[in-house]
Amino acid sequence: FINAETDIGARRNAFLMLYHESEDLAIQFLARNLDDVSKFGDGFALLVLDLTRKACRRDPNQKSRFVRVLFQMLSSNSAAVSYEAAWTLISLSNSPTAVRAAAVTYTNLLNSQNDNNVMMIVLERLEQLKKKHSKILQELLMDILRALSSPNPDICKKVLDVAMALVTNKNVADVVTTLKREVAKTTQESSDSSEDKGKVYRNMLIQAIHGCAVRFPDVAESVVHTLMDFLSSDGGMQVIIFVRAIVERYPALRPAILTKLINTLDEVTNNNVMCVCLWILGEYCETSETVKDAFDSVTEQLGEAPYVVQADDKKAQEKAAAEAAKGPKMVTKNVVLADGTYATQTIYSEAKTPAVTDKTPHLRKMIIAGDIFLGAIISSSLTKMCLRAPDVNLDPVSVKEMTVKSLLAMCGIVKMAEVTVSAQKSSLADCSERVTLCCRALLDPKASALLKKTLLSEGKSSFAAFLKHIQEKENKEKESREDVITSQADDLIHFRQLRSLTAQGGDLDLDDGSDLARA
């Protein structure tokens, strides 16, 4: 009846009845019609998988009788059937062959399905496999990373979470190359879907690259220069935090990174990113060339005092703001159409946007806008460079010139903080005290002797201790997440290999790997 029946539902119900009445006959029918199972419909295949799980859980010796069926269903055209087959195979066996076949099926589903829910479920399965079979999944890491093409940022985050735990010395170069290519794509793509996930996705990629560089120092040099091109983008804060950690952890990379940072300082448009950049230059410029170049770059972009908006500039800004607030003008007039009739025509006219001619450096704009905290960072950074200049064999004339420029800049910063109305007005007292301390360190030899060691070394040592604490915390969390072996020393081991071949019921058994693991 099953062979002759053409209705999918009737065939499925008939096989279900046959299984419940005579399990041996049902299994023999499967063995005879193994090649035709895929033609019987998805419902029939899912029923076979469900009955396979029930039969094998009731009698583990039956596993070998269903091996061919399971492996055949892994390549089914139906996503539901292949997924259930992979899950069934893993639930019945932990052997490397079964796990590898199931992992390949999951990876194929991940890259072939467009439904976000399906992709998330598959990623959850891969994450579960990763806990016990990470070495097998490492072989499929690059295939898993192909799912980063999804427009959904949640999918991309899950892919990165799974992939980062599988990175090893063997595949880290390929992974970093893929991540760098994805970072470059975030600035090139212009479709709506990529714009929706662009900023969040870029930050996730930068964090992933940062993690790879911390774990594998060999790739740090190859990624840091690429990421520094994104200092002026939305992910600039993530980039500069990554650069700050690399500069501290790998002294050999400092000269190249500092040179790159000095050259790209004029492109930074975010105040917080600028603060970190200036702190890095103040702490880690330890050669005469870098100290001189960094000082010249900062003072050039800062310009000369005063750092307040001039009256003419203020009027121009107010006029431009008033023009922008007016909005478009509506003009209505009567026109004569081609057929001689009259019509009313409404025209919206917008004021022409004046061409941008302001070439003021970003750093000066930030100070003029009233960023008091940034002013304190500039004062501290310039002071550190001036104190370090004699130690790196800069001539006294240059040191004196640097000191005078720094003092004039700090006076202008304090004056700006006093007259500018901003949200950071409450920080005026702290800023004034900090700038006063920096001025005393440059003018008073006794104060310089007392403060020099603190200013030049304490900051780096505190940051190094912070990085060490973070690393220890991550290591403890990693250890706590490791699975505890549940097998006890007195658990029984079933030596199935000692039974006769007739008792095993087949020439292939999926429990060999799990037995060896328990042993």
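Q: At roughly what angle do the axes of helix 17 (residues 288-302) and helix 20 (residues 372-388) cross?
A: First, this is a predicted model: local features need pLDDT of at least 70, side-chain atom pairs count only at pLDDT 80 or more, and totals for chains, interfaces and linings use all residues. Residues are numbered from 1 along each chain as its sequence is written, and side-chain values use heavy atoms, with hydrogens and water left out. Helices are DSSP runs (H or I, at least four residues; strands are E, at least two) numbered from the N terminus, and axes are lines fitted to C-alpha atoms, for helices over the stretch in contact, with angles from 0 to 180 degrees between N-to-C directions. The axes of helix 17 and helix 20 come within 10 Å of each other, and their crossing angle is roughly 145°.

Q: Is the crossing of helix 17 past helix 20 left-handed or right-handed?
A: Picture the near helix turned from the far one by less than a right angle: anticlockwise counts as left-handed, clockwise as right-handed. By that rule, helix 17 passes helix 20 in a crossing that is left-handed.

Q: Which residues of helix 20 make the contact with helix 17?
A: Contact here means heavy atoms within 4.5 Å. Helix 17 brings V291, A294, F295, V298, T299 and L302. Facing them from helix 20 are I378, L382, M385 and C386.

Q: How many of the residues in the contact of helix 17 with helix 20 are nonpolar?
A: Ala, Val, Leu, Ile, Met, Phe, Trp, Tyr, Cys and Pro count as nonpolar, Asp, Glu, Lys and Arg as charged, and the others, Gly among them, as polar. This contact has no charged residues and one polar residue. The nonpolar count is nine.

Q: Which helices do the buried residues of helix 17 pack against?
A: Buried means under 20% relative accessible area, exposed over 50%, and partly exposed in between (1.4 Å probe, protein chains only). In helix 17 the buried residues are T290, V291, A294, F295, S297, V298, T299, Q301 and L302. Their packing partners are helix 15, helix 16, helix 19 (362-368), helix 20 and helix 21 (396-419).

Q: What length does helix 17 reach from its first C-alpha to its last?
A: The expected span of a helix is 1.5 Å times one less than its number of residues. Helix 17 has 15 residues, and its reach is close to that expectation. From end to end, it spans 21 Å.

Q: Which residues does R254 contact, leaving aside its neighbours within four places in sequence?
A: R254 is found in helix 15 (residues 254-264). At a relative accessible area of 14%, R254 is buried. Its contacts are V247, E248, Y284 and E286.

Q: What is the angle between the planes of Y83 and Y106?
A: Rings of Phe, Tyr and Trp (its six-membered ring) pair if their centres lie within 6.5 Å; planes under 30 degrees apart are stacked, over 60 edge-to-face, and the rest tilted. A search of the whole structure turns up four aromatic pairs. In the tilted pair of Y83 and Y106, the centres are 5.8 Å apart and the plane angle is 50°.

Q: How many residues apart are Y83 and Y106?
A: Y83 is buried at 15% relative accessible area, and Y106 is buried at 1%. Y83 sits in helix 5 (residues 79-92) and Y106 in helix 6 (residues 96-112), and their separation is 23 residues.

Q: How far apart in sequence are the parts tied together by W279 and F463?
A: W279 and F463 form an edge-to-face pair, 5.5 Å centre to centre with 75° between the planes. W279 lies in helix 16 (residues 271-284) and F463 in helix 23 (residues 445-481), so the pair ties together parts whose separation is 184 residues.

Q: Which residues do ring pairs link into a cluster?
A: W279 is partly exposed at 22% relative accessible area, while F463 is buried at 7%. Both belong to a cluster linked by ring pairs, made up of W279, Y284, F463 and F466.

Q: Which residues does E182 touch, not counting residues up to four places away in sequence?
A: E182 lies in helix 11 (residues 172-188) and counts as buried at 11% relative accessibility. The residues it touches are L148, Y201 and L205.
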